[in-house]
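Subject: Structure handover

Hello,

Please find below the structure I said I would pass on. My notes on what turned up in it follow.

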Amino acid sequence: MLLNQIIDIVKEAGKLMLSADFQIAEKEGVVNIVTTTDLAVQDFLCPRLAELLPGSGFLCEEKDMYDISHEYTWIIDPIDGTANFSRHIDQCAICVGLKKGDAMEIGVVYIPYTNELFTAQKGQGAFRNGEPIHVSNRTYENAILFTALSLYHKEHAKVCSDIIMDAYYSINDVRRFGAAAPEICYVAMGRAELFFEYRLSPWDFAAASLILQEAGGVITDMQGQTLSCTVPSGVVAGNLPESHQRFLEVVKKHI
């Protein structure tokens, strides 16, 4: 089964991630870094995934891998949450999504430090460590929001802050763990109810977006439209359609 083969490869990459010594380099200043482990994990994943689907394309964070003119495309973030990883904070994940045509077919998000494996295959539900997961039924007023202040584009920090503060007075509380994919997966399993980031790259959300949808959640761009998993986008997610819509209205008011 293809999903099981992907899981085996991702778990092997997780061992590499945990065992490696690393060096840090800046990509676009101190807030956007890459480690030698990011590169090593991506170099490990790509040839092995290519063997599973010969002729497939790749869209990856490192090394400018952008080859999407194929029926199947692997969308990979070797380490989502590199800044966390570089500081030995456990909120960081290996993300592998498989897109068929315009839709996500498989999503795998693995957090090696906590040994949490989130998986989904289109139409077959979402799972954490092999057990089915589902979004919570908590209302908007009792929602926890995962969010951030647009780290790589700080010119958007004010509008992000305005959105967060607007929502804060109506919801329960706010969290920031510093890695989008784990946060989206936590919404999928009911640890939180809302997620928002002003701008993410596709490898940040592609795999996790399918996991959330298969867990019964809603995820869109900032206009409420279906996410494209091949271009950067704002991302709004919720456990329930009504909570997603209510928070989306807050976002639209400020953008």
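Strand E14 and strand E15 (residues 233-238) are antiparallel partners, joined over three bridges. One of the residue pairs involved is Thr220 with Val236, the latter lying in E15. Please bear in mind that this is a predicted model.

The sheet

E14 and E15 belong to an open sheet of five strands, ordered E12-E11-E13-E15-E14, with mixed pairing. Strand E12 (173-175) and strand E14 (218-220) are at the edges; each has a single partner strand, so one side of each has no neighbour in the sheet. From one strand to the next, the twist averages 15°.

Two helices lie across this sheet. Helix H5 (residues 180-188) lies across strand E11 (144-147), strand E13 (194-200), E14 and E15, and runs at about 155° to E13. Helix H6 (residues 202-214) lies across E13, E14 and E15, and its direction is at about 150° to E14.

Phe247

Is Phe247 buried or exposed? Phe247 has 0% relative accessibility and therefore counts as buried, the cut-off being under 20%. This residue sits in helix H7 (residues 241-254). Leaving aside neighbours within four places in sequence, Phe247 is in contact with Tyr140, Leu145, Ile163, Ala167, Leu194, Phe196 and Val236. Val236 is also the bridge partner of Thr220 mentioned above. Phe195 is 52 residues from Phe247 in sequence, while the C-alpha to C-alpha separation of the two is 9.3 Å.

Helices H1 and H2

A pair of packed helices is described by the angle between the axes and the distance between them. For helix H1 (residues 2-19) and helix H2 (residues 36-52), the axes come within 10 Å and cross at roughly 160°. An angle over 145 degrees counts as roughly antiparallel, so H1 and H2 are roughly antiparallel to each other. The crossing of H1 past H2 is right-handed.

Which residues of H1 meet H2? On the H1 side they are Leu2, Gln5, Ile6, Ile9, Val10, Glu12, Ala13, Leu16 and Met17. They meet Thr37, Ala40, Val41, Phe44, Leu45, Arg48, Leu49 and Leu52 of H2. By type, the residues of this contact are 13 nonpolar, two polar and two charged.

Regards

Methods
Residues numbered from 1 in each chain as written. Predicted model: local features only at pLDDT ≥ 70, side-chain atom pairs only at ≥ 80, totals over all residues. Heavy atoms only, no water. Helix = DSSP H or I, 4+ residues; strand = E, 2+ residues; numbered from the N terminus. Buried < 20%, exposed > 50% of the residue type's maximum accessible area, 1.4 Å probe, protein only. Contact = heavy atoms within 4.5 Å. Pairing = 2+ DSSP bridges. Axes fitted to C-alpha atoms, helices over the stretch in contact; angles between N-to-C directions. Parallel < 35°, antiparallel > 145°, perpendicular 65-115°, else oblique. Left-handed = near helix turned anticlockwise from the far one by under 90°. Nonpolar A, V, L, I, M, F, W, Y, C, P; charged D, E, K, R; others polar.
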